[in-house]
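This briefing is for a reader who has not seen the structure before. Please look over the sequence and the model, then read the points below.

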Amino acid sequence: MKACYCRLILALLVIVFAWWNVSWAAIALTVIGAILAIMALKYDTCCCKSKCEEKKE
């Protein structure tokens, strides 16, 4: 299984915004959570995969 770096980055952002005390952190967590939920339902592979790689396969 190949690593999916875009999901890793989103997961790390969740951790950062959970500990960072800014007024808009709750909004950022909601947006990131929604993106992760959509990715979980819609994509079987990594979202970072380039269009060129998809065409070669």
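The model is predicted. The protein chain has three helices and zero strands, and 14% of its 57 residues count as buried.

**Overall make-up**

- Read from the N terminus, the order of elements in the protein chain is α-α-α.

**Packing of α1 and α2**

- Two packed helices are described by the angle between their axes and by the distance between those axes.
- Helix α1 covers residues 5–19 and helix α2 covers residues 25–42.
- The two pack at an angle of about 155 degrees, and their axes lie 10 Å apart.
- Angles over 145 degrees count as roughly antiparallel, and α1 and α2 are therefore roughly antiparallel to each other.
- The crossing of α1 and α2 is left-handed.
- On the α1 side, the contact is made by Cys 6, Arg 7, Leu 10, Leu 13, Val 14, Phe 17 and Ala 18.
- On the α2 side, these residues meet Ala 25, Ala 28, Leu 29, Ile 32, Ile 35, Leu 36 and Met 39.
- Sorted by class, the contact of α1 with α2 has 13 nonpolar residues, one charged residue and no polar residues.

**Aromatic rings**

- A pair of aromatic rings is described by the distance of the centres and the angle of the planes.
- The model has three aromatic pairs.
- One of them joins Phe 17 and Trp 20, with 5.8 Å from centre to centre and 20 degrees between the planes; this pair is stacked.
- In another, the rings of Trp 20 and Trp 24 have centres 5.5 Å apart and planes at 75 degrees, so this pair is edge-to-face.
- Phe 17, Trp 20 and Trp 24 together form one aromatic cluster.

**Exposure of the cluster residues**

- Phe 17, which also takes part in the contact of α1 with α2, has a relative accessible area of 12%.
- Buried means under 20%, so Phe 17 is buried.
- Trp 20 counts as partly exposed, at 44% relative accessibility.
- Trp 24 also counts as partly exposed, with a relative accessibility of 41%.

Note on methods: Residues numbered from 1 in each chain as written. Predicted model: local features only at pLDDT ≥ 70, side-chain atom pairs only at ≥ 80, totals over all residues. Heavy atoms only, no water. Axes fitted to C-alpha atoms, helices over the stretch in contact; angles between N-to-C directions. Helix = DSSP H or I, 4+ residues; strand = E, 2+ residues; numbered from the N terminus. Parallel < 35°, antiparallel > 145°, perpendicular 65-115°, else oblique. Left-handed = near helix turned anticlockwise from the far one by under 90°. Contact = heavy atoms within 4.5 Å. Nonpolar A, V, L, I, M, F, W, Y, C, P; charged D, E, K, R; others polar. Phe/Tyr/Trp six-rings, centres within 6.5 Å; stacked < 30°, edge-to-face > 60°. Buried < 20%, exposed > 50% of the residue type's maximum accessible area, 1.4 Å probe, protein only.
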